[in-house]
Amino acid sequence: FGGGEKFMIYMGKDKYENEDLIKYGLPEDVWFHVDDLSSAHVYLRMKPGMTLNDIPPDHLLECASLVKANSIQGCKMKSVYVVYTRWKNL
């Protein structure tokens, strides 16, 4: 994902995979989730040394769209709030 293989996306399909993503996350991972609703966990893995400011807007939109589409309630709503943070903050 992204030019030069700068990013990789991982997504949990269920609560068990979500827990595994939390357990095995890396400091350079960015975690995305629909705020206040059940949803898939989406992780954007960046190269070491990159910051949140290095994520292109289209990548942010793609990750946000994935968590919305994979939320039982959120996918039925016109819009949702999506939160994201570095894995190390979880």
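Visitor: Which residues gather in a patch of negative charge on the surface?

Guide: This is a predicted model, in which local features need pLDDT of at least 70, side-chain atom pairs count only at pLDDT 80 or more, and totals for chains, interfaces and linings use all residues. Residues are numbered from 1 along each chain as its sequence is written, and side-chain values use heavy atoms, with hydrogens and water left out. A patch takes residues with over 30% relative accessible area and no salt bridge, joining like charges within 9 Å and nonpolar side chains (Val, Leu, Ile, Met, Phe, Trp, Tyr) within 5 Å, where areas come from the Shrake-Rupley method with a 1.4 Å probe, Asp and Glu count as negative, and the charge is placed at CG of Asp or CD of Glu. The residues that gather in this negative surface patch are Asp14, Glu17, Glu19 and Asp20.

Visitor: What is the relative accessibility of Glu17?

Guide: Glu17 has its place in helix H1, residues 15-23, a helix being a DSSP run (H or I) of at least four residues and a strand a run (E) of at least two. Buried means under 20% relative accessible area, exposed over 50%, and partly exposed in between. Glu17 counts as partly exposed, because its relative accessibility is 31%.

Visitor: How far apart are the closest N and O atoms of Asp29 and Arg45?

Guide: The pair forms a salt bridge, a term that requires a side-chain nitrogen of Lys or Arg within 4 Å of a carboxyl oxygen of Asp or Glu, and a search of the whole structure finds one. Asp29 lies in strand S2 and Arg45 in strand S3, so the bridge ties together parts that are 16 residues apart in sequence. Asp29 is buried, with a relative accessible area of 1%, whereas Arg45 is partly exposed at 22%. The closest N and O atoms of Asp29 and Arg45 are separated by 2.6 Å.

Visitor: What phi does Asp36 have?

Guide: Asp36 has its place in the loop between S2 and S3, where this residue is exposed, with a relative accessible area of 72%. Although Asp36 is not a glycine, its phi is positive, at about 65°.

Visitor: What separates the C-alpha atoms of Leu52 and Thr85 in space?

Guide: Leu52 lies in the loop between S3 and H2 and is partly exposed, with a relative accessible area of 33%. Along the sequence, Leu52 and Thr85 are 33 residues apart, and in space their C-alpha atoms are separated by 8.5 Å.

Technical notes
Buried means under 20% relative accessible area, exposed over 50%, partly exposed in between (1.4 Å probe, protein chains only).
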